[in-house]
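Here is my note on the model. Please keep the sequence and the structure open while you read, and check each point against them.

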Amino acid sequence: MKPRALLPLLALILFALVNTCAQALLAAHHRAMPAESALLASLCWSLMIAWWVSNDRLGRNLTVPYEFNAFVFFTWPVFVPYYLCKTRGPRGLFLVAAFFFLLLLPSFAVVAIRTAAFIR
């Protein structure tokens with residue numbers, strides 16, 4: 001991992017953990033995340049993914065079209081796997097899985113808490 005891309009990656013992991021804690025706390029109190037907060041979280045997620053890809057791309061001296069950062073921001077589920085496979089080969093699929101795991105981590109926490117509350 002290039003040092004340039006480390007800060008955005010750490011910010012992404014921290015954001016995923018804070019989002020997971022917030023959604024778990026809401027689920028423990030039988031509440032759902034407000035729609036505005038969910039939209040903001042989605043925008044933050046896309047922004048941090050685009051930030052990471054941009055810094056990683058600059059660290060690798062990879063040339064891409066001018067609009068690539070916008071494509072990553074708006075359609076990251078398509079362009080991030082493409083980028084990771086292009087830059088890392090099949091090994092990039094592990095990073096794709098890690099990104100999707102971080103994205104789904106809050107949902108896993110909510111399901112676990114609601115299941116535990118239902119069992120009691």
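**Notes on the model**

1. Phe71 is partly exposed, at 39% relative accessible area. The classes are these: buried is under 20% relative accessible area, exposed is over 50%, and partly exposed lies in between, with a 1.4 Å probe and protein chains only.

2. What kind of model is this? It is a predicted one, where local features need pLDDT of at least 70, side-chain atom pairs count only at pLDDT 80 or more, and totals for chains, interfaces and linings use all residues. Residues are numbered from 1 along each chain as its sequence is written, and side-chain values use heavy atoms, with hydrogens and water left out.

3. Next, the overall build. The protein has 5 helices and 0 strands. From the N terminus on, the order is α-α-α-α-α. Helices (H or I, at least four residues) and strands (E, at least two) are DSSP runs, numbered from the N terminus. The C-alpha trace spans about 55 × 30 × 25 Å along its principal axes. Of the 120 residues, 32% count as buried.

4. Now the rings. A pair of aromatic rings is described by the distance of the centres and the angle of the planes. Rings of Phe, Tyr and Trp (its six-membered ring) pair if their centres lie within 6.5 Å; planes under 30 degrees apart count as stacked, over 60 as edge-to-face, and the rest as tilted. This rule gives 9 aromatic pairs. In one of them, Phe71 and Phe79 have ring centres 5.2 Å apart and planes at 10 degrees, so the pair is stacked. Phe79 is partly exposed, at 22%.

5. Compare another pair. Phe101 and Phe108 are tilted, with 6.2 Å centre to centre and 45 degrees between the planes. Phe101 is partly exposed at 44% relative accessible area. Phe108 is partly exposed too, at 46%.

6. Which residues do ring pairs link into a cluster? They are Trp52, Phe68, Phe71, Phe79, Tyr83 and Phe99.

7. Look at helix H5, residues 92-119. Its 28 residues reach 39 Å from first C-alpha to last, close to the 40 Å expected at 1.5 Å a residue. The expected span is 1.5 Å times one less than the number of residues. Where does H5 bend? The bend is at Leu104, by about 40 degrees, and Pro106 follows within four residues. A bend is the angle between axes fitted to the seven residues ending at a residue and the seven starting there. Buried residues of H5 include Val96, Phe99, Leu102 and Pro106.

8. Check two loop residues. His30 sits in the loop between H1 and helix H2 (35-59). Its phi is near 55 degrees, a positive value in a residue other than glycine. Is His30 buried or exposed? His30 is exposed, at 66% relative accessibility. Asn61 lies in the loop between H2 and helix H3 (68-74). Asn61 is not a glycine, yet has a positive phi of about 55 degrees. Asn61 is exposed, at 67%.

9. Last, the surface. Leu6, Leu10, Ile13 and Leu17 form a nonpolar patch, with about 330 Å² of accessible area together. Patch residues have over 30% relative accessible area and no salt bridge; like charges are joined within 9 Å, and nonpolar side chains (Val, Leu, Ile, Met, Phe, Trp, Tyr) within 5 Å. A salt bridge is a side-chain nitrogen of Lys or Arg within 4 Å of a carboxyl oxygen of Asp or Glu. Accessible areas come from the Shrake-Rupley method with a 1.4 Å probe; for residues, only the protein chains shown count as cover. Leu17 lies in helix H1 (residues 6-28). Leu17 is partly exposed, at 44%.
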